[in-house]
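Biologist: Please bring up the model. I want to ask about the labels, one by one.

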Amino acid sequence: MSNEEKRVVYGTEDLLTSLCNSVTRVLNVATQSKIHYSAMVQRITKIGLKPDIGCFVLFDGGFSGLVVLNFAGNAALEIYEKYMLSMGMPKSELASSFSSDEVANILGELMNQIVGDFTGKIRRELQTNITQNQPKMLVLNKQVMLSVDTPLDRPEIRRVSFFTENNNIFYLELAIDRTEFIKLHDFDSSEIIDPDALLDMEQADLSKAAPAAAAPVVDDESDELLRSLGM
């Protein structure tokens, strides 16, 4: 490997791209639909929650920052409905308003999965660790500006537009301290097993499971696996 290849620099836009890919990865699987983001990113000076639903997560560790997702009501309702329908819920039992607590709870759960996917990639690809707090989801009728509770000497703030399958728009905003990761030597950043593949493997094991007497133990292990995957 040449010196140039060794000194790969991983900066703000790379972190942002990784986060955007976590958003689309989690939401595409959860809603069984196609969600994509704009190829253009905005450099902004303030970060905040905007109507109709805003969600934010703080993270700290190798670097500090704040992630915000802002949903218009129609985008929030579309994501909620497609997620619940993909889980087998009948449409007649779904909330009809984006301001419902159920909609906010589901979006908060998905936000938690998105940031969890992102922090996992950070551990593998950048060999550092960041921790997150529990997502806070708010239904809003006006804009609320936020500031990160850890000092950012040189803040970098970005906004990216996302589009749902029905062409509804929501926005991701990221605020982090300006940082760069420089690759000093090669290492293995292989991905962890995909959760869907892990479930398939578990189901295959269950089909070959031992005798009924051992079934309760297998069930307990299966329940624990599903809980660890947030299901």
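**Labels and cut-offs**

Modeller: Start with Asp-52, which sits in the loop between strand 3 (47–49) and strand 4. Pro-51 and Asp-52 are joined by a cis peptide bond, with omega at about 15 degrees. This is a predicted model, where local features need pLDDT of at least 70 and side-chain atom pairs need 80 or more, while totals for chains, interfaces and linings use all residues. Numbering runs from 1 along each chain as its sequence is written, and side-chain values use heavy atoms, without hydrogens or water.

Biologist: Why is Ile-182 called partly exposed?

Modeller: Buried means under 20% relative accessible area, exposed over 50%, and partly exposed in between, with a 1.4 Å probe and protein chains only. Ile-182 has 39%, so partly exposed is the label.

Biologist: Why is Phe-59 called buried?

Modeller: Phe-59 has 3% relative accessibility, so the label is buried. Phe-59 lies in strand 4 (residues 53–61). Its C-alpha is 9.7 Å from that of Gln-134, 75 residues away along the chain.

Biologist: Why is Gln-32 called exposed?

Modeller: Gln-32 has a relative accessible area of 59%, therefore exposed. Gln-32 is in the loop between helix 2 (12–31) and strand 2 (36–43). Its phi is positive, about 55 degrees, although Gln-32 is not a glycine.

Biologist: And why is Asn-167 called exposed?

Modeller: Asn-167 is at 57%, so it counts as exposed. Asn-167 is in the loop between strand 9 (155–163) and strand 10 (169–177). Here too phi is positive for a non-glycine, at about 70 degrees.

Biologist: How many disulfides are counted?

Modeller: A disulfide is a pair of cysteine sulfur atoms within 2.5 Å. By that rule the count is 0.

Biologist: Are Cys-20 and Cys-55 buried or exposed?

Modeller: Cys-20 is buried, because its relative accessible area is 2%. Cys-55 has 1%, so it is buried.

Conventions: Helix = DSSP H or I, 4+ residues; strand = E, 2+ residues; numbered from the N terminus.
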